[in-house]
Amino acid sequence: MKRRDFLKRAGIGVAASAAFGPVFAQGSPTVRWRMASSFPKSLDTIYGAAEVLADRVSALTGGRFQIRVYQAGEIVPGLQVMDAVQQGTVEAGHTASYYYVGKAQVLAFDTSVPFGLTARQQNAWMYHGGGIELFRPIFADFNIIQFPGGNTGVQMGGWFRKEVRSLADLKGLKIRVQESPMAFALIRAFGASATPISFGELYTALQQGVVDGAENNPPSLHLARHYEVCKFYTLDEHTSVPDVIVISTHFWSSLTAQEQKWMQEAADESAVFQTGLWAQSSADSLAAIEKAGVEIIRPDKALFAARVAELHETARQDPIIGPLDRRIAEIKP
């Protein structure tokens, strides 16, 4: 389902909500922000969440607070969004925290680690278990305040140019993986090499053989084009992947308390939008790629269990990562 189709269906509800919200005389915006996205505009199942936020802020303020969203590469490269916000190049960004583990490895836990939390568990931890507050001082070190920005649901084994049914089949392959220290360690332990590549560059990298496979989010309708270069798709469903809204603390502090409240409300709405839309698009696109001739492989999860347990035990010895990894183990049923 495309974002704009969703908004058409939800139009009555949005209009009704706006009718009971603040009333302003329409005029020129008094606040103009730019939001850089780490995702291409064509991928509206992710990119669209930022547009939902921008639309909601505009509606709540009667058009007085305008946010323009820029796709990956339009202002800054997709993997440099947090840097741009930290430096004040843009006021806000929509990205994934584990892209920036070079700044702090613990940021991986704000997104995901191998065989981590489901979307439901992640939301429970963030909104009700103190997760948001736990990461506030970490982001503050980079002059940023953060809010959950949606969740793309469980990760999959991903797209492959050759058939992969066992750990031995991974040996020697170059694989795009999530930007997490544990994910890199995991893929290296399996005998493959890990390469970080943004969404916008992924299709070309697969097409040109820069990578042999791509650990990836669920296959949205806009990623289904990968079947042109990859004829195998491996299921795994090992963890969920949330995105994050990052805002420069300088620009955040320039807002009134009411404007900050509206921004947080809009961020919450965009997170709900993206999480639900991804769940639907995943089901639709799995059917679509199978119809297009892609072989969907369901590997034996037991093959991974021992190595994953070993890596998690090693991570628990780290003074920063350890407590978080143990907390994840407690949350999981």
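**Entry 1: the whole chain.** I noted at the start that this is a predicted model. I counted up the elements and got 12 helices and 11 strands in the protein chain. The chain has 333 residues, and 53% of them count as buried. I also looked at contacts between residues at least 6 apart in sequence: 76% of those join residues at least 24 apart.

**Entry 2: the cores.** Which residues have the most contacts inside the largest nonpolar core? I found W33, L53, F65, I67, F139, I247 and M263, in a core of 56 residues. Helix α3, residues 44-60, gives this core its largest share, 6 residues. I then picked I67 and skipped its neighbours within four places in sequence; I67 is in contact with W33, M35, L53, A54, V57 and M263. There is also a second, separate core of 17 residues, with M156, L206, L286 and I296 among them. A background reminder to myself: in soluble globular proteins, nonpolar side chains tend to be buried together.

**Entry 3: helix α5 by itself.** I listed the buried residues of α5 and got A119, Q121, Q122, W125 and M126. Why do they sit on the same side of α5? Because they cover an arc of only 165° around the axis. On the face turned away from that buried side, I found the exposed residues R120 and H128. After α5 comes G130, which has a positive phi near 85°.

**Entry 4: α5 against α6.** Next I checked how α5 (residues 119-128) packs with α6 (residues 131-140): the angle is about 70° and the axes are 4 Å apart. Angles of 65 to 115 degrees count as roughly perpendicular, so that is how I describe α5 and α6. On the α5 side I see W125, M126 and Y127, and they meet G131, I132, E133, L134 and F135 in α6. I sorted the residues of this contact into 6 nonpolar, 1 polar and 1 charged. W125 and M126 turn up both here and in my list of buried α5 residues.

**Entry 5: helix α8.** My last stop was α8, residues 199-207, where F199, L202, Y203, A205 and L206 are buried. They cover an arc of only 165° around the axis, so they lie on the same side of α8. I had already met L206 in the second core. Just after α8, I noted G209 with a positive phi of about 80°.

Conventions:
Residues numbered from 1 in each chain as written. Heavy atoms only, no water. Buried < 20%, exposed > 50% of the residue type's maximum accessible area, 1.4 Å probe, protein only. Helix = DSSP H or I, 4+ residues; strand = E, 2+ residues; numbered from the N terminus. Arc of directions from axis to C-beta. Core = buried A, V, L, I, M, F, W, Y, C linked by side-chain atoms within 4.5 Å. Contact = heavy atoms within 4.5 Å. Axes fitted to C-alpha atoms, helices over the stretch in contact; angles between N-to-C directions. Parallel < 35°, antiparallel > 145°, perpendicular 65-115°, else oblique. Nonpolar A, V, L, I, M, F, W, Y, C, P; charged D, E, K, R; others polar.
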